[in-house]
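User: Can you walk me through this model? I'd like to hear about the ligand site and a helix pair.

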Amino acid sequence: MPTILVTGGAGFIGSNFVRYWRREHPAWEIVVYDKLTYAGNRNNLHDLEGQPGFVFVQGDICDREQLEPWVAKADIVVNFAAETHVDRSLLASGDFVRTDVLGVHTLMECARKHGTGLIVHISTDEVYGPILSGSADEKAVLNPSSPYAASKAGGDLLALAYAKSFRVPVIITRCCNNFGPYQHPEKLIPLMVTNALMDLPLPVYGDGRQVREWIFVEDHCRALDFLIEHGTPGEIYNIGTGCEKQNIEVVRLILQFLGKPESLIRFVADRPAHDRRYSVNWEKLRKLGWEPIHEFESALAQTVAWYRDNEWWWRQIRDSEEFKRYYEANYAWRLK
Ligand code: NAD
Ligand code: DAU
C-alpha cells in the first residue's frame with residue numbers, strides 16, 4: 001500500500017486535502033503528522049479517525065528524530081505544517097520562523113537522507129507582497145510584508161535550494177486565499193460568519209477595499225493532486241482563480257446569506273503593512289491542463305451554510321481561553 005505523509009494535516013487545508021485524497025485515492029495509506037498547535041484540531045478529521053489506512057501522529061515538524069521515520073516510509077509528502085495567521089505574526093513571530101523556516105529545513109534534511117518520491121511544499125502568494133496591478137508569475141520578486149510572509153518565503157527558498165543542491169524532488173506551490181469548511185475562525189470568512197451568527201460586530205480593517213484572490217479549498221486540493229501527477233520537481237507553481245474581491249464585498253455577501261444587517265459592520269484600525277492586493281498569474285498551471293471548477297458565490301454560500309450548520313465545530317474554538325486571549329489582543333482595542 002503506498003503511503004502519503006501529510007504534515008500539518010489537522011489544519012484547515014490539510015484536513016480538506018486528506019479527505020479529498022481519501023476519496024480520490026482510496027488505496028493509499030494516509031499518515032497525518034501534526035503538532036496540534038492552537039490551529040490543529042482532530043475534530044477536522046473526525047470522519048476519518050479509526051478508519052483502516054488512516055494514521056494520526058502528533059509530532060512537531062522541527063523534531064527530526066520523530067519526523068524522520070515517517071518521511072523515510074512515505075512515497076509522497078505534502079507539507080501544510082505552518083504558522084499561518086498574519087495578525088498573530090504581528091503579535092509574536094518566533095513560532096513562525098521556527099515552523100515555517102526551520103520546520104522546512106528539518107523536512108528537507110530528512111528527505112535528502114532518505115530520498116522520498118516527491119515532496120509538495122505548500123507556500124503562499126503572500127511571498128510576492130502587494131501586487132498593485134497585473135499579476136505575479138512564478139519569477140516575480142519576493143517582497144513579503146509580514147513576519148508570516150517572510151517566514152514562508154524563507155521556507156520556500158530553502159526547499160528550492162534543496163531541490164537544486166541535493167536534487168530533493170520538491171514542488172513548491174503558491175496559492176491564493178482559500179475558503180471552505182474547517183477554516184480556523186481567526187481568518188476573515190469564518191470570523192465574519194461566526195461573529196454575524198453571534199450578532200457581534202464585524203471588524204473590517206481600514207477601508208475594506210483590500211483585494212484578495214479567492215479559491216474554494218477543494219479546488220486547491222484538486223490542483224495539488226493534479227501537480228502530484230503532472231508537476232515537475234524543482235519547479236514552482238502558482239495556484240489561482242482570477243476571482244478577485246474586495247474584503248467589504250465578501251463581508252456584505254456573508255451578511256446577505258445569513259440575513260443579518262449591514263449595521264454589524266465596523267471599520268476598525270488597519271493591519272500594519274496591510275497588503276492592498278494579491279493576484280497570481282497561474283498560466284503555468286493552466287497550460288498543464290488544470291482549471292478551478294467552483295464558482296465563488298455559490299461556494300461561499302455553501303461555506304456559510306456549513307458554519308451555520310456546524311456550530312459544534314466552531315463553538316469549541318471560539319469558547320476556548322486561547323481564542324479569547326487572541327481576540328482580546330487583536331480586536332478589543334480596535335473595537336473600542
Ligand atoms: P492552518 O493554520 O489551518 O493549519 C496549520 C496546521 O499546521 C495545523 O494543523 C497546525 O497544528 C500544524 N502545525 C503548526 N506548526 C506545526 C509544527 N511545528 N509541526 C507540525 N505541525 C504544525 O493553516 P492552513 O490555512 O490550512 O494553511 C496550510 C498551509 O497552506 C500553510 O503552509 C499556509 O502557509 C498555506 N497557505 C494557506 C492559504 C490560506 O488561504 N489558508 C493560502 C495559501 C497557502
Ligand atoms: O494569500 C494567502 C494567504 O491568505 C495565506 O498565506 C494565509 O495563511 C492566510 O491567512 C491568508 O492571509 P490573509 O491575511 O489574506 O487572510 P486573512 O483571512 O487574515 O485576511 C483576509 C483579508 O481580510 C485581509 O485583507 C485582512 C482582512 N481582514 C481580516 C480579518 C481577520 C479584516 O478586514 N478583518 C479581520 O478581522
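Here come a few questions and answers on this predicted model.

User: Which secondary-structure element gives the largest share of the shell around ligand 1?

Analyst: The shell around ligand 1 has 28 residues, with Ile-13, Asp-34, Thr-84, Tyr-148 and Lys-152 the closest. At least two residues each come from α1 (12-24), β5 (118-124), α5 (147-166) and β7 (177-179). The largest share is three residues, and the element behind it is β5.

User: How much of ligand 1 does the protein bury?

Analyst: By class, the shell residues are 13 nonpolar, 11 polar and four charged. Lys-152, for one, puts a side-chain N or O atom 2.6 Å from a ligand oxygen. Taken alone, ligand 1 exposes 840 Å², and the buried part of that is 97%.

User: How are α10 and α11 oriented to each other, parallel or perpendicular?

Analyst: The axes of α10 (residues 296-309) and α11 (residues 311-318) come within 6 Å and cross at roughly 75°. Angles of 65 to 115 degrees count as roughly perpendicular, so α10 relative to α11 is roughly perpendicular.

User: How many charged residues are in the contact of α10 with α11?

Analyst: From α10, Trp-306, Tyr-307, Arg-308 and Asp-309 meet Glu-311, Trp-313 and Trp-314 of α11. Sorted by class, that contact has four nonpolar residues and no polar ones, and the charged count is three.

Terms used. Residues are numbered from 1 along each chain as its sequence is written. Chains are lettered from A and ligands numbered from 1 in the order in which they are written. This is a predicted model: local features need pLDDT of at least 70, side-chain atom pairs count only at pLDDT 80 or more; totals for chains, interfaces and linings use all residues. Side-chain values use heavy atoms; hydrogens and water are left out. A residue is near a molecule or strand if one of its heavy atoms lies within 4 Å of it. A polar contact is a pair of N or O atoms within 3.5 Å; within protein, one must be able to donate a hydrogen and the other to accept it, and residues adjacent in sequence count only if both atoms are side-chain atoms. Accessible areas come from the Shrake-Rupley method with a 1.4 Å probe; for residues, only the protein chains shown count as cover. Helices (H or I, at least four residues) and strands (E, at least two) are DSSP runs, numbered from the N terminus. Ala, Val, Leu, Ile, Met, Phe, Trp, Tyr, Cys and Pro count as nonpolar, Asp, Glu, Lys and Arg as charged, and the others, Gly among them, as polar. Axes are lines fitted to C-alpha atoms, for helices over the stretch in contact, and angles run from 0 to 180 degrees between N-to-C directions. Angles under 35 degrees count as roughly parallel, over 145 as roughly antiparallel, 65 to 115 as roughly perpendicular and the rest as oblique. Contact means heavy atoms within 4.5 Å.
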